[in-house]
Amino acid sequence: MREQLTWKVGGQQGQGMESTDKVFSSALARLGYYLYSYRHFSSRILGGHANNNIRISTRPIRSVADHLDMLVALDQETIDFNAKELTRGGIVIADELWKPVLPNGVDACLLPIPMTAIAEEAGSSFLKIWQHPVHHGLSLVCRCRCSSMLSLDNLLLKGKLSYRKI
C-alpha cells in the first residue's frame, strides 16, 4: 500500500477547481488521511490558469511535494504547465472532448474520459448543486473518477460526503 500520493486539479478559474479540491480533501480527511494543500491562481476574478494541489499521506506531513502522481486537467494548458512535475507512470485524467495530448518525453498515462458528456447526461437537477452547471458537473465527474482510481468508490454511499443544494 502506498503511504502518500500527490494529486492536482487544474484549469481556468471558474471551472470548479476549488469545489473539486474542497470536497475531495474533505472526504480524504474524514477517511483519516493527512493532507497538505495549496492553491495557485491568477490575479483575475474569472479566467486564467489555476490549480489546486493536495499531498495525501497515511502519516503527518508538513509540506507539499515537488512531484505529481495524478493530474486532473480541465484544459490542455494544465497538462502543458504541469506535465514536467509528473512522476514516471503518473496519471493524467482529462476530458476527451478537447482531445488532450501529453507533451513529448512525458512518461505518464493519459486517461481521456467523457467528462462533459457525463456531466450533461446527469441532467440539470443533478448539477444544480453548483452555480455553473456544466463546469461544476465536470468537477463532480473528476472527483468520482479519482475516488474510483484510489479505491474510494463508495465515499458518497458511506456518508463521508454530503451536498447542500443552493
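The expected span of a helix is taken as 1.5 Å times one less than its number of residues, and helices (H or I, at least four residues) and strands (E, at least two) are DSSP runs numbered from the N terminus. The structure is a predicted model, in which local features need pLDDT of at least 70 and side-chain atom pairs count only at pLDDT 80 or more, whereas totals for chains, interfaces and linings use all residues. Residues are numbered from 1 along each chain as its sequence is written, and side-chain values use heavy atoms, with hydrogens and water left out.

The protein chain holds 5 helices and 6 strands, and from the N terminus on its elements run β-α-β-β-β-α-β-β-α-α-α. Of its 166 residues, 44% count as buried, where buried means under 20% relative accessible area, exposed over 50%, and partly exposed in between (1.4 Å probe, protein chains only). In helix H1, the buried residues are Met17, Ser19, Thr20, Asp21, Val23, Phe24, Ser25, Ala27 and Leu28, and just after this helix Gly32 takes a positive phi of about 100°. Among contacts (heavy atoms within 4.5 Å) between residues at least 6 apart in sequence, 54% join residues at least 24 apart.

The 6 strands form an open sheet of mixed pairing in the order S2-S3-S1-S4-S5-S6, two strands being paired if DSSP finds at least two bridges between them. Strand S2 (34–40) and strand S6 (108–113) are the edge strands, each pairing on one side only. Within the sheet, strand S1 (residues 4–12) and strand S4 (residues 68–73) pair in the parallel sense over 4 bridges, and Met70 in S4 is the bridge partner of Trp7.

With a salt bridge defined as a side-chain nitrogen of Lys or Arg within 4 Å of a carboxyl oxygen of Asp or Glu, the count comes to 3 salt bridges. In one of them, Glu3 pairs with Arg59, the closest N and O atoms being 2.9 Å apart; Glu3 lies in the segment before S1 and Arg59 in the loop between strand S3 (49–57) and S4, so the pair ties together parts that are 56 residues apart in sequence. Glu3 is partly exposed at a relative accessible area of 44%, and Arg59 likewise counts as partly exposed at 41%.

A further salt bridge joins the side chains of Glu85 and Lys8 (3.0 Å, N to O). Because Glu85 lies in the loop between helix H2 (76–82) and strand S5 (86–95) and Lys8 in strand S1, this pair ties together parts that are 77 residues apart in sequence. Glu85 is partly exposed, with a relative accessible area of 23%, whereas Lys8 counts as buried at 2%.

Arg88 and Asp107 also form a salt bridge, with their closest N and O atoms 2.9 Å apart; Arg88 lies in strand S5 and Asp107 in the loop between S5 and S6, so parts that are 19 residues apart in sequence are tied together. Arg88 counts as exposed at 74% relative accessibility, while Asp107 is partly exposed at 42%.

Pro114 is placed in the loop between S6 and helix H3 (115–121) and is partly exposed, with a relative accessible area of 28%. Not counting residues up to four places away in sequence, Pro114 touches Asp95 and Glu96; Pro114 and Glu96 are 18 residues apart in sequence and 5.3 Å apart in space, C-alpha to C-alpha.
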